[in-house]
Amino acid sequence: MISVIIPVYNGERYLGRCLDSVLGSACRDFEVIVVDDGSTDGSRQLALAYTKRDERVKVIFQAENQGVSAARNRGIEASSGEWIVFVDADDQISPDFLGLIAEEDADLLLFDFAGPEGAGSPPRRRLRYSKGEMICLFRELLRSGQLVENGNVNLASANARAFRRSVIDRYGLRFSPALSYGEDLVFTMAYQLKAASCVYRPVPVYRYHIHGDSSSRRFVSAESVRARWERIEKMKSVLEEGGIFPLVEEDYDGFVLRTMSFLILRLLFSPQCALPAGERRQLCREIHDNPVLQQTMRRNRGGPPDSRLVIFLFRMGWYPALRLLGRYSCMRLRRKNPQEFAEMRKSGWYR
């Protein structure tokens, strides 16, 4: 059996669409566990209505909002399936997703995200990775890469994949409630270190919806910036505990450089940044004082040339040059990708 865990917080507008997609699966051997994380809208009532329509739907209520990690962990503890799948309440899955899971026998199953509406995806052969070959998954994750040409897997996401329950239970794996950003990535990395095998089927099975109140769009405070490097520190700890950090150190450095250069240009030194100047100055000081970020900035390797340039200028304290680059980056984004620029304003990144 497959356990589909759906955390929801004030997702009344989208939850029905999500549940309909799961209940429309061709595979019938599954349970749905909706974890209402202290919603104040009609999510609870809607979820309860679905329990009357289909006995496979179960609902768990949390009195207070504790975050997506705590909700997923509660779902894991209440589940009974051999496989565990996570679906966000505002997303959808394809009718064949759960059936494809039932066909496989590896510890970790990866699938593609769906592309734009109407975009086709030609069938491609499945790939299997043994324990010794799974290092390539970590390298591609850190490079934000793909496993096949024109693939659309997201190696940092807990969605569009299936986890074997026995592995989760054997090693006591859980999402970290202490992380407000990047909890998916840290959990999947910890799981991949314990998995003995992986199968990747480049089939689009998961449709990710982006809207104004999506969790991925909430990036409006100094704390949300700090959460980015808390994730970076936790990633390093997971890789070191798993004994593979020396094998992926340069890829890890590249990941950090890309992340930090993005934050520096798109936020801290952008003329459109919504954060007060005092908060931005404080964040710059904290980056300089962070030992993990210091080490990576000193090495300044693994990332693309433009990221290395940004990190060099930041490390040397050449802030006027960064302000010029930030202004150019903002103008370029507005001109080349006005939709993304508008989304950043809508989400609170920009004024």
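Predicted model: local features only at pLDDT ≥ 70, side-chain atom pairs only at ≥ 80, totals over all residues.
Two packed helices are described by the angle between their axes and the distance between the axes. Helix H7 covers residues 183–194 and helix H8 covers residues 222–241. Their axes come within 10 Å and cross at roughly 5 degrees. Angles under 35 degrees count as roughly parallel, so H7 is roughly parallel to H8. On the H7 side, the contact is made by Leu-185, Val-186, Met-189, Ala-190 and Leu-193. On the H8 side, Arg-231, Lys-234, Met-235, Val-238 and Leu-239 take part. Sorted by class, this contact has eight nonpolar residues, two charged residues and no polar ones.

Met-189 lies in helix H7 and has a relative accessibility of 1%. Buried means under 20% relative accessible area, and Met-189 therefore counts as buried. Which residues is Met-189 in contact with, leaving aside its neighbours within four places in sequence? They are Phe-138, Leu-141, Met-235, Val-238 and Leu-239. Met-235, Val-238 and Leu-239 belong to the H8 side of the helix contact, while Phe-138 and Leu-141 are among the buried residues of helix H5. Leu-137, another buried residue of H5, is 52 residues from Met-189 in sequence, but the two C-alpha atoms are 9.3 Å apart in space.

Helix H5 spans residues 135–142 and is mostly covered, with six of its eight residues buried. The buried residues are Ile-135, Leu-137, Phe-138, Glu-140, Leu-141 and Leu-142. What covers them includes H7 and H8, and also helix H9 (245–268). Strands contribute to the cover too, including S6 (108–113), S7 (127–130) and S9 (197–207). After H5 comes Ser-144, whose phi is positive, near 55 degrees.

The last topic is empty space. Rolling a probe the size of a water molecule over the atoms shows where empty space is left. The second largest pocket holds about 260 Å³ of space. It is lined by 15 residues, and the closest to its centre are Leu-173, Val-186, Ala-190, Val-238 and Glu-241. Val-186, Ala-190 and Val-238 also take part in the contact of H7 with H8. Both H7 and H8 supply at least two residues of the lining. H7 gives the largest share, six residues. By class, the lining divides into seven nonpolar, three polar and five charged residues.

Conventions
Residues numbered from 1 in each chain as written. Heavy atoms only, no water. Axes fitted to C-alpha atoms, helices over the stretch in contact; angles between N-to-C directions. Helix = DSSP H or I, 4+ residues; strand = E, 2+ residues; numbered from the N terminus. Parallel < 35°, antiparallel > 145°, perpendicular 65-115°, else oblique. Contact = heavy atoms within 4.5 Å. Nonpolar A, V, L, I, M, F, W, Y, C, P; charged D, E, K, R; others polar. 1 Å grid on protein atoms, 1.4 Å probe; cavity = no way out; pocket = protein on both sides within 12 Å on 5 of 7 lines; lining within 4 Å. Points joined across faces, edges and corners; volume = space filled by probe spheres on them. Buried < 20%, exposed > 50% of the residue type's maximum accessible area, 1.4 Å probe, protein only.
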